[in-house]
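Biologist: I would like to learn how to read strand pairing, helix packing and domains. Can we go through them one by one?

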Amino acid sequence: MNNGFSILVIDDEIQIRKLLEISLEANEYKVYFAVNGKEGITAAASHQPDLILLDLGLPDEDGQDVLVKLREWYHNPIIILTVKSAEEEIVKALDNGANDYLTKPFRTQELLARIRTALRSKSSVTNESILTFGNISVDLVSRIVKVNNEIIKFTATEYNLLTLLIKNDGRVLTHQYILKEIWGQSYSEQTQYLRVFVAQLRKKIEDDPNRPKFIITESGVGYRFNTS
Amino acid sequence: MDKLFKKNTPNQYLISVVSVVILSLLSLIVRDTIDYKIIGYVLLLLVSLLAIFLEIRPVLLAAILSALALDYLFIKPYYTLHIDNVQDAFLLIMFFIIALINAVLTNKFRRMQRAIQIKETRASTLKLYNTLLDSLSHELRTPIAAILGSIDTLQQKNVNLSSETQQKLHNEIEKASMKLNYQVENLLNMSRLESGYIHPKLDWCDVKEIIYNVCSRLSEETKDHHISYKIDENLPLFKLDYGLMEQIIYNLVYNCAQHTPKGANIEISAKYDVDVDYEVHIDLIKKCIITISDNGYGFPPEEIDRAFDKFHRFKDSKTGGTGLGLSIVKGFVEAQNGSITLQNGEESGAVFTLEFNVDCLPINSLKNE
């Protein structure tokens, strides 16, 4: 039984490998394992997996270095696994090209959802001009956003922010990255704009802006657009 | 003074030599008017005094020196160590022995005192350590016991468990694991605080977002409670540490949920100080005030001051806890130059009030940029 996707797990903890083997194979993924960075890079080259789960704390070399080396030629999604309270590590990993991250201890359901999202955004490079998810539709050509079939007015900045998030569906975007993309290089530390505009966007597209379903806060790191 | 002498032994030798010499010279002036036995007593007194302050060796040196001085300068014939009569020889020997005993006894007494002191500090450290171990092993072992017990029941071969029972056991495992995680998190945070590793990363925070975010993470733990929010619609952004604020609110709400009966209300409010027209002034230092209150039993009034003490657990507390949660909250609040107070509510329950004097930024000033 196989759903056609293969995943490479690079982690030195045997318990985590066992757990991932059981839960990933139960969900019909083909799973490869590597226990350190060196093995991981070799395995990635020989198996060409559709996705890599990379633990940042590896015995032989810094996970960040492994990530950088992989990103020189590997373009499929990479999800980082890390221990808690390491926001700077996470931001660094995202800057180094990771698509997403999970902090240990993580829930398997969450992991599977993230894997599905990452694989979907990999396979669906759509040329469609109208994107729909839930009760929201965005027409990229005419720049019209509809919520519950009603046209909602957005300022230019709001619209740019929304489409940036949507185009990176499922991917965690760091504060700095978003600020640079929307407001420009000199605004990369001005998080106040982001806080205010995210709050405004939520008011316009979320059913309950206080309990957002689409624009998810990744505390201390950034934001993620969630359609799953 | 005691310490000063102890640290520097060469100094102590100097002090004993100098003091014996000075006293001997002074006594030399009155040698002809005062009996040499009196001078013997005076020298003996000096040795006893030195024994109080100095280590044993310098005191012994003083004892020998003063015996020699007594013999050489004050027992006739002068300026020779020779002694004419048995009485004087006996006097000198007695002098020396008493000086020695004095020195040794004082030293012994001091050592005993020091040993008692060390023992006392050790005992109090041990007591604190035991309190910690007690509460920790309880707090960690209870969830582990729940996990192992549930798994054992699920694995029993000859028993048919209804799917409902199985579900319940799975839920127990889940709850226990989450509790374990919370305790480990607290321990890590405590060690961060203890090591002085906390350097707040101040950035513009949407306090309202933090509150809702934390509460949705706590939805499982608070499912039997009613949470209500009173958050100012125009709450500005405040310069705080997002991660620390999350942990603070998490621990406080968790604490309220753990220590109040099912169905209790928890109210979270956030407002800002409005005594200056903040719409006009941007980037002013303003007060962010967050209160978290419940309508549970409140805190015993005589112990309320100790609520934030490390490892402090209230006498009648049935729900346990390591006594770390609230002390971490206090540490994190103070790391951001804030303050936290705890009071019992007017009718019932506990009221935690957080205040931060930090930069704020009114949201309206940014909206149209």
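Biologist: Which residue stands opposite B:Trp204?

Modeller: Two strands pair if DSSP finds at least two bridges between them. Strands (E, at least two residues) and helices (H or I, at least four) are DSSP runs, numbered from the N terminus. Here B:Trp204 faces B:Lys239 in strand 3 of chain B. Strand 1 (residues 203-205) of chain B and strand 3 (residues 237-240) of chain B pair antiparallel, over three bridges. The model is predicted: local features need pLDDT of at least 70, side-chain atom pairs count only at pLDDT 80 or more, and totals for chains, interfaces and linings use all residues. Residues are numbered from 1 along each chain as its sequence is written, while chains are lettered from A and ligands numbered from 1 in the order in which they are written.

Biologist: How many bridges join strand 3 of chain B to strand 7 of chain B?

Modeller: Two, and these strands run antiparallel. Strand 7 covers residues 350-361. In that strand, B:Cys360 stands opposite B:Phe238.

Biologist: At what angle do helix 3 and helix 4 of chain B cross?

Modeller: Axes are lines fitted to C-alpha atoms, for helices over the stretch in contact; angles run from 0 to 180 degrees between N-to-C directions. Helix 3 (residues 36-53) and helix 4 (residues 56-74) of chain B cross at roughly 170 degrees, their axes coming within 9 Å. The two helices are therefore roughly antiparallel (angles over 145 degrees).

Biologist: Which domains does chain B have?

Modeller: Bounds come from an automatic or database domain assignment. It gives domain 1 (1-197) and domain 2 (203-365). Their C-alpha centres lie 44 Å apart.

How values were computed
Angles under 35 degrees count as roughly parallel, over 145 as roughly antiparallel, 65 to 115 as roughly perpendicular and the rest as oblique.
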